[in-house]
Amino acid sequence: MVSSLKAYGSKRGHKLKSVRVFHVNSGACNGCDIELLDILTPFYDIERLGVKLVSTPRHAHALLVTGPLTRKTASAVVRAYEAMPPEPRIVIAVGTCACSGGIFYDSYALYRRIGGSMFDVPRRGGISELIPVHIYIPGCPPRPEEIIYGISLLLELVNERVSKQYYKEESLEDYKLTRRKSPISERLKYSLREKTRHIVGYFDRDRVLEKFLEIVQMAEKSENPRKRLSELIDEYCAKEEDSRVRECLKILERDYWRLKNALLSREEVIYWI
Amino acid sequence: MVRVITVKYPLKEAKAPEEYRGIPYIDPQRCIGCGACRNACPPNAITREIDLEKGIKRIVLDVGRCIRCGRCEEVCPSGAIKLTNVFEAASRQRENHVEIVELKLLRCSRCGKYTEFTERQVMLALEILPREVLEVEALDKRIWLCRDCRRETALSDAVDKEWKWYYGKLVKSIWE
Amino acid sequence: MVSLETEHENDYIKRIKEQFKDKIIGIRKLYDDQWLIITEKDYLRDVVRYLADINSSTEIHIATMVGSDERPIRGKMSVTFWMNVIESGSSSFVGIRAYLDEDDLEYESIAQDLPGADWYEREIHEMLGITPRNHPNLKRLILPDDWPEGAYPLRKDFNYSESPAKFPGYSFTYKDSSCAIVPLGPYHISLDEPAHFRLYVKGEEIIGCDYKGFYSHRGIEKLAESRLTYEQVNFIAERICGICGYTHSTAYCQAMERIAGIEVPERAEYIRTLLLEIERIHSHLLWLGIASHLVGLESGFMDAWRIRERIMWLAERLTGNRKTYGMNLIGGVRRDLLDYRKDLVMKTIEKVKEEYTQFVEKLKSNRSFIRRCEDIGVLPYDKARAYGVLGPTGRGSGRKIDTRKDHPYASYKDVDFNIPLYKDGDVLSRALVRIEEVLESIWIIEQLIDSMPGGDIIAEYTEIPQFSEGLGYTEAPRGENVHYVMTGEKNVVYRFRVRAPTYANLQAVPKMLSGYTIADAPLIIASIDPCYSCTERVTIIDVKSGKRRTLSEDEFNMLSIKASRRRS
C-alpha cells in the first residue's frame, strides 16, 4: 500500500502523472457528489491535471469516497476497494462525513468499529473505520478548489498547508495584554454586541461594533458627550454608503444612552446578556 | 477569439471571497476556556479535557469533524474562535487537523486544590462585574477560592495567615 | 364524548363529526390551519378513507404519517395520518390519530385503499413495531436486511448510538459450481442485491418494477431526538439533502416558530424567501443538465451547469458557502443582506435571465429533445391523485397544487407569481413545468429585492412549551416538504419526522414505467428528479426467458443516449 504516487512510480521505475478515479457514494446527502460532478465542468476542469473518471473500480487507481459509511453501503464499499488492482490502492475521502463521520458520527445507522472512546483526538469516524485512507479532504461540502487542492496533494503539485497547533499558556500576562482599558464598561459592550447581532448578523457584528465604540470613545472625551456623539454619528453616516450600517448605528446610539442611564441609576433594565 | 474560462488553480493562487466560511481557528490569546463553543457545536468537533491533578484545561478543535456552520463564532464571548478564509485543509494525516489550546486552572488560595474554571475566566468575570455595586476588598478575598472553601468561609470574615496568595492583589490592578 | 371547536371549523371537520359521531374521541385545533382528530384505532381506516374520498374535485393527499412512541408521556404509542386538504383560500392540514396500547400494536392497513400509504406503513412497521393488518407488501424498506427482528430504532428504549447488527455481509449464491462467473457492474456482488431498481421485462417492454433504496439512511430522526438541541437540529436538517437542504431547514424552523409562538421579523422572512428561490433555480438547472445528458445532448449539460455556476457563486457571497447555507436559526436568519449584496443579487439575476432564455430557446427548438420526452412515462391525473404525487411531477399531470399558494409561508403572500400547469402527464410536461418555474423564480426574486423592508433579522425567544406539536411545510424544488415536530423537555426534540417529496413520488414510478421500453427507463426515472444517487444500479429481469443482467448507472444511461441517436 503506497501513500503517494511518486513512491508508486519510483517502485515501478517510471513517474505516474495521471490518476483514474472511481466515485463511490457511501450514503451521502449528495452535496459532495454534486461538487464532484462540478469539477468536471469547464470552470474547474479536473481533467487538465490528468484525472479521469472511470466507470468500474477494476480500472481505477484511486477511489473518491463520499458519505459517512452507512451500514447498507458498507459491504459495497469494501467490494469496490477490493476490486481495485492491488497497487496503488489509493483512497481519498471527500467531505467531512467521509473524513470523520460529520454530524452523524455516532448514529446507529453508521458502521463503526467497537473500541476507543468517542472523544478521541483526532475524532474518529467516517470511512477510515473500514478501509485505509490516504488523503482527507474536509468541508461540508468542500469547494471545487478544495477538492482540486486535495487531488493536487496526491499528485504532489502542492504542499500541505495545515499542521497541528498546540498552545500552552505560560502566564497570565499573555491574556491581560489583549484587554484594553476603555471608558466604556464591558457590560455595556456585551449588551451592545448582542443588539448588533440582531440587526446585522454575526458576520458583520464585530466590524460595526468596533466602529461604533471608536466614535463613542471620541465623544466621551468632550464636555457634552450626548450632543457630540450625535454629531459624530451624523458625520459618519454622511460618508457611509451602506444603509443597513447607518440604520444599525442610529439604533445603537439610542440603546447606548438607555443602557448607560440604567447602569448609573441602578434601574431594572433588560440586558441582552 | 476563444475566451478561456477555466481557473488556473492550483498553479495560480485562488482566494475565497471574504464572506466564505473556511476552517475555524482559535486565537490562543483571547480564549478563556469557557466551553461555550463546545456546547454549541453540532458535530462535537470541539471537546474539552479537564485535568484536576495538573491544573490544566484543554480546548481541542478538530477541523476534520467541523461542518463550518459558524455557531462557535456566534456564541464565543471573547471573540477568540473565528471562521477564517482558509479552505485548503486537505491532509494526509488526521493529526494535522487538530488545534489544542491549553490553559491553566485557578488554584484555590485556601486549600490549594484546582477548581474547574480557568484563571482567564475569572479575569473576564472581574471586568464585567459592576464596580458600582461591589467592593474591591471583599471581592479580593472571595474570588480566589474554590466553591467548597467559599462555602466554608462564608460566615467568617477573617483571612487566614496560611492562605497562599498565588495571584496577589490583582483585582485592584484590573479595576483601576 | 366529543370536545367541540365550533367556531371557525371547516366544512370537512363538520362532516366527519356528523358521519362518525361517537366514534371520534376528540377534536383539537392546534393552529389556524392544523386540526387534530382523535379516534379509536378500529375506525382509523374508515375515517381516513372517508376524508380522502370526501370530494373528488378537491385535491387531497397524504401529507405525512407519523408514528410516535409516547409511552413516557401517556403510556401508549400513536399513529397519525396528516392529510393535506387544499381549497383556495382555506387549505388546512387535518390529522387523524389513534392511540395504541403497548400489547396490542395493530391496526387495519390503509394501503389497501390509498396506494400512497404503502411506504409509510412499511416504515412504521420496521421502525416502531406497529403492524398494519392486511398490508399488501410488508417488506423491509429502510433498515439493512441483516437488521435483527425486534430491534425498533425509533422506540424510546433504543439507544441512538448502539447498533445490534454486526458487519453487514452478502454471500454469493451459486446455482451450479461448474458455470463460469462473469462479473458485471461495478460492485461485483451477488446477483440479488443491491440494485436500486429492478425492472421486470418482456423482451424490451417493461411490465413491472421494484425499488430498493434508502442507502443513505443515517438515522437523522433518532439523532435529532437524542443528541441535539433545538438550535442544532437546524444544521442536521440542512444535511438531509445536498440539493434542497435549505427547504428542510426552513420547514423545521417554521414548525418550531409555530409551536413557540415566535413572530419572525419581516426582513428575515424576505431573506428566507430569497434564498429558497435561489435554491429552486439551481436545482432546476441541475435537472435540466441531467435530462439533456440522458437525451444525448452533452452540450446542454455543460450549458446548464455553466449558468448554474453563477448562482452558486452568488450563494457563496451571500451566505458563506455554495451549498448548505446555514442561514437559519429559530426566530430568523443569521446574516443580513447589506446593500452591496443586494446589488450583487440584481446583477447576477439579470445575467442569469439573459443566458437562461437563450438556453431554453435552444432546448425547445431541438427536435430530438422534444421527441424523446414526448408521450413517455405518462401518469394520468387520477393515478397521480391516488398516489399523492407532488411538485413538478404532479403539476405535469394536471394537479393544481403548490404549497406556496395553498399554505402561504414566509413572504409568499406578498409576491405575485404563477404556477405552470400541464395536463399530459409525460416527461415533456414535467420538463416544461420546471423550465417555466425558473422564470417565475427570477420574477419573484426581482420583486423581493425591490421591496425588502428594514428592521431586525432575528427575534428573541425565551421559552418553548414542552410536549407541543406542529407541522412545518415548504415547497422544495421537488414538491411539498412536511416536517412534524413535537417538542420535549430539556431543550431536546421529542419526535422529529421528515417527509421529503421524493418519498411520495417514487411510489408512483412503477406505474409510470409499465408499458415503455428499457431505453426510456432512465429518462422516466430521472423525470421525477430523485436524489441523484438513487439510480446507481439497475437490474433487468426478463420474465419470459428468466435472464437477468445488472447494469451500472453509466451503462443504463447509455441505453437511453443510444436510443436517442437511433431515433433522431
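Visitor: Ground rule before I start: helices are DSSP runs of H or I with at least four residues, strands are E runs of at least two, and both are numbered from the N terminus. Where does Asn44(B) sit on that scheme?

Guide: This is a predicted model. Asn44(B) is in the loop of chain B between α1 (36-40) and β2 (46-51).

Visitor: What is the phi of Asn44(B) near?

Guide: Near 55°. That is a positive value, and the residue is not a glycine.

Visitor: How many other C-beta atoms lie within 10 Å of Asn44(B)?

Guide: There are 17. Buried takes 20 or more and exposed takes 12 or fewer, so Asn44(B) counts as partly exposed.

Visitor: Over to chain A. What is the phi of Asp45(A)?

Guide: About 45°, positive in a non-glycine residue. Asp45(A) is in the loop between α2 (31-38) and β2 (51-53) of chain A.

Visitor: New topic, cis peptides. Which residue is joined to Pro141(A) by a cis bond?

Guide: Cys140(A), with omega about -15°. Pro141(A) falls in the chain A loop between β5 (135-137) and α5 (144-154).

Visitor: And Tyr9(B) to Pro10(B): cis or trans?

Guide: Cis, with omega near 5°. Pro10(B) is in the segment that comes before β1 (24-26) of chain B.

Visitor: Now chain C. How many residues of β4 are buried?

Guide: 10 of the 11 in strand β4 (residues 76-86) of chain C. The strand is therefore largely enclosed by the rest of the structure.

Visitor: How does β3(C) pair with β4(C), parallel or antiparallel?

Guide: Antiparallel, over 11 bridges. Strand β3 of chain C covers residues 59-70.

Visitor: Which residue of β4(C) is opposite Glu59(C)?

Guide: Ile86(C).

Visitor: How many bridges join β4(C) to β5(C)?

Guide: There are 9, and these strands run antiparallel too. Strand β5 of chain C spans residues 92-100.

Visitor: What is the bridge partner of Phe81(C) in β5(C)?

Guide: Ile96(C).

Visitor: What do β4(C) and β5(C) form?

Guide: A hairpin, with 5 residues between the strands. Gly89(C) is in the turn, and its phi is positive, about 95°.

How values were computed: Residues are numbered from 1 along each chain as its sequence is written. Chains are lettered from A and ligands numbered from 1 in the order in which they are written. This is a predicted model: local features need pLDDT of at least 70, side-chain atom pairs count only at pLDDT 80 or more; totals for chains, interfaces and linings use all residues. Two strands pair if DSSP finds at least two bridges between them.
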